[in-house]
Amino acid sequence: MLQRMEEERRHSREEFEDSYRTTPPWDIGRPQPPFLALADEGALEGRVLDSGCGTGEHALLAAMLGHEATGIDIAPAAIDAARRKAAERNLEVSLVVGDVLSLDALDERFDTVLDSGVFHVFDDVDRARYVDALRVAIPPGGRYLMACFSDLEPGEWGPRRVSRDEIVASFADGWHVESIDETELSTNLVPEVRAWLARISRT
Ligand code: SAH
């Protein structure tokens, strides 16, 4: 079982690394609209982690707003690209290659964790592990702000669709689900996809 999970994880890491050989569909070169809206409403507070940061747009957004910002991603190619952008934009961001299912390895705590398009990559087993890892990384009062593909988005292509109920069920223990709103994520493929924006605080 453990060996199978390790195999799958290696497989998924290689797939993501491969996807960054060219520009992947989600890598739009600017922050996703729901995260710009969150920044506008002042929802980014304190130390910010961009979980599964890809090429780092949301960590860079946080840094631009003056936050101490960290981005973590399993794909070294994504982190390399994020570091290049940080240098180009003259922004200081801590960018690390790592597995968000073992966020405890970072041994850091964050007031705000941003997740753009990562929650929906995990199967049920890893989803639970991810929420466990977030519970450790976010102290009570901290917030997890997440956008994922919605079950309202038709078709089979792309990542797994997530329902509102699944989000609520995942964050039943140690969390307060403040809101789950309809939003849209931009891609390089189709104009916009239907998504959920969840604001969840640690209790
Ligand atoms: N947040 C970025 C990337 C979203 S795509 C953006 O909005 O553009 C999903 C990202 O999650 C990919 O960059 C992938 O490499 C990363 N990822 C997938 N599984 C991961 C894991 N276990 N740990 C860390 N990052 C992971």
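Me: Which residues come nearest to the ligand?
Reply: Keep in mind that this is a predicted model. There are 17 residues around the ligand, and Tyr20, Gly52, Asp73, Asp99 and Ser116 come nearest.

Me: OK, and how do the residues of that shell divide into nonpolar, polar and charged?
Reply: The shell around the ligand has nine nonpolar residues, six polar ones and two charged ones.

Me: Back to Tyr20: how far is an N or O atom of its side chain from an oxygen atom of the ligand?
Reply: That distance is 2.6 Å. Ser116 also has a polar side-chain atom by a ligand oxygen, at 2.8 Å.

Me: What about Ile74, which part of that residue is 3.2 Å from a nitrogen atom of the ligand?
Reply: For Ile74 it's a polar backbone atom.

Me: How much of the ligand's accessible area does the protein cover?
Reply: The protein covers 96% of it, where the ligand on its own has 570 Å².

Me: How many residues line the largest pocket, and which lie nearest its centre?
Reply: The lining is made of 46 residues, and Phe16, Gly117, Val118, His120 and Val121 lie nearest the centre.

Me: Which elements give two or more residues to that lining?
Reply: Those are the helices α1 (2-19), α3 (57-64) and α5 (124-137), along with the strand β6 (175-186).

Me: And where does the largest share come from?
Reply: From α1, which gives nine residues to the lining of the largest pocket.

Me: Last one: what classes of residue does the lining have?
Reply: In the largest pocket, 19 lining residues are nonpolar, 16 are polar and eleven are charged.

Technical notes
Residues numbered from 1 in each chain as written. Predicted model: local features only at pLDDT ≥ 70, side-chain atom pairs only at ≥ 80, totals over all residues. Heavy atoms only, no water. Near = heavy atom within 4 Å. Polar contact = N/O pair within 3.5 Å; in protein donor to acceptor, adjacent residues only side chain to side chain. Areas by Shrake-Rupley, 256 points an atom, 1.4 Å probe, with all protein chains shown as cover. Nonpolar A, V, L, I, M, F, W, Y, C, P; charged D, E, K, R; others polar. 1 Å grid on protein atoms, 1.4 Å probe; cavity = no way out; pocket = protein on both sides within 12 Å on 5 of 7 lines; lining within 4 Å. Helix = DSSP H or I, 4+ residues; strand = E, 2+ residues; numbered from the N terminus.
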